[in-house]
Amino acid sequence: MDAVATPLSALTQMPEPQQVYAADGTRLATYTWGELDDPVVVIVHGFASSARDTWVLTGWVRQLTQAGYRVLALDQRGHGLSQKPHQADLYGIRTLATDVETVMDAYLVDDAFYLGYSLGARVGWEVVRDLPQRIGRAVLGGVPDGIPLARLDLDQVRAYLEDGTPVADPTTQNYIALVERVPGNDLGALMALAEGLRSSRMIDPDPSHAPASPILFATGSKDAIIEGSRALAEAAPQGRFFEIPDRNHFNAPGSRAFKEAALAFLAEG
């Protein structure tokens, strides 16, 4: 008998979100897949994305659960079905990392792996540093060094939001296009996030304070940040680097090679 193909709609269906409240009262949408007793992988998406966009539509959740993991995801504040405040001071990197830790606490997860991409990887750098006794190993995809979102022209975005003034800066145009490609994104909230992350003007992540846990850094061969990511891998005491072949920053999460490398790395733990 021929195997019956699973409908695409079933593979991309999201569970009902469970609400977790951050320390400052911000509501976070969270999701789980897999069996309760399976080892946990905490997955955190990137800027202007969501758990569904980064991890479900690309097949990550399906492959992780098939490999025997329980998956715990959240929509980061300002994204997806989570609350979207417009105050920049609610989006510091420490706040985003604490959100992940709060979600782990709410689900009573004491021991987990971590998988993050882009902003989720930058947040993961902090989480792994904070919780070395709880995060056995981590995969950080597309994580740049330097000041976060430093090339974004916030003044032009504000003018665009206030009165529709066209954005002239090409990089800022690209960021706006990135935001608007995902239904439900709130440009005002995401620009507040960008402002919050940039406010300290500090280098982040800081290679001089690298996490000690085993970490696989993975970045696309066509991604402009690849050398910064490679440098972070070299700075981490147990860092390893994987170059995702023929991928840029935006399409790397869909790479089969990336999934295979990440799953092999997690299986070592």
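This is a predicted model: local features need pLDDT of at least 70, side-chain atom pairs count only at pLDDT 80 or more; totals for chains, interfaces and linings use all residues.

Me: Which residues of H5 make the contact with H4?

Reply: Contact here means heavy atoms within 4.5 Å. H4 brings Ile93, Arg94, Leu96, Ala97, Val100 and Glu101. From H5 come Leu119, Arg122, Val123, Glu126, Val127 and Asp130.

Me: How many residues of the contact of H4 with H5 are charged?

Reply: The classes are nonpolar (Ala, Val, Leu, Ile, Met, Phe, Trp, Tyr, Cys and Pro), charged (Asp, Glu, Lys and Arg) and polar (the others, Gly among them). In the contact of H4 with H5, seven residues are nonpolar and no residues are polar. The charged ones number five.

Me: What distance does H4 reach from its first C-alpha to its last?

Reply: Helices (H or I, at least four residues) and strands (E, at least two) are DSSP runs, numbered from the N terminus. The expected span of a helix is 1.5 Å times one less than its number of residues. H4 covers residues 93-106, 14 residues in total, and 20 Å is expected for it. Its reach is close to that, at 20 Å.

Me: How many of the twelve residues of H5 are buried?

Reply: Buried means under 20% relative accessible area, exposed over 50%, and partly exposed in between (1.4 Å probe, protein chains only). Among the buried residues of H5 are Gly120, Trp125 and Val128. H5 is largely enclosed by the rest of the structure, because the buried residues number ten.

Me: Is Leu108 buried or exposed?

Reply: Leu108 lies in the loop between H4 and strand S5 (112-117). Its phi is positive, about 60 degrees, although Leu108 is not a glycine. Most residues other than glycine have a negative phi. With a relative accessible area of 72%, Leu108 is exposed.

Me: What is the relative accessibility of Ala48?

Reply: Ala48 is in the loop between strand S3 (40-44) and H2. This residue other than glycine also has a positive phi, near 65 degrees. Ala48 counts as buried, at a relative accessibility of 0%.

Me: Which side chain does Thr54 join through a polar contact of 2.6 Å?

Reply: Thr54 sits in helix H2 (residues 51-56) and is buried, with a relative accessible area of 6%. Leaving out residues up to four places away in sequence, Thr54 touches His45, Gly46, Ser49, Trp60, Tyr117 and Pro253. A polar contact is a pair of N or O atoms within 3.5 Å; within protein, one must be able to donate a hydrogen and the other to accept it, and residues adjacent in sequence count only if both atoms are side-chain atoms. At 2.6 Å, the partner of the Thr54 side chain is that of Ser49.

Me: Which residue's backbone oxygen does the side chain of Ser82 reach?

Reply: Ser82 is in the loop between strand S4 (70-74) and H4, and is buried, with a relative accessible area of 3%. Ser82 and Arg27 are 55 residues apart in sequence, yet 5.8 Å apart in space, C-alpha to C-alpha. The backbone oxygen that the Ser82 side chain reaches, at 2.5 Å, belongs to Asp75.

Me: What distance separates the C-alpha atoms of Leu28 and Val100?

Reply: Leu28 is in strand S2 (residues 27-33) and is buried, with a relative accessible area of 0%. Beyond its neighbours within four places in sequence, its contacts include Ser82, Asp99 and Val103. Leu28 and Val100 are 72 residues apart along the chain, and their C-alpha atoms are separated by 9.6 Å.

Key. Residues are numbered from 1 along each chain as its sequence is written. Side-chain values use heavy atoms; hydrogens and water are left out.
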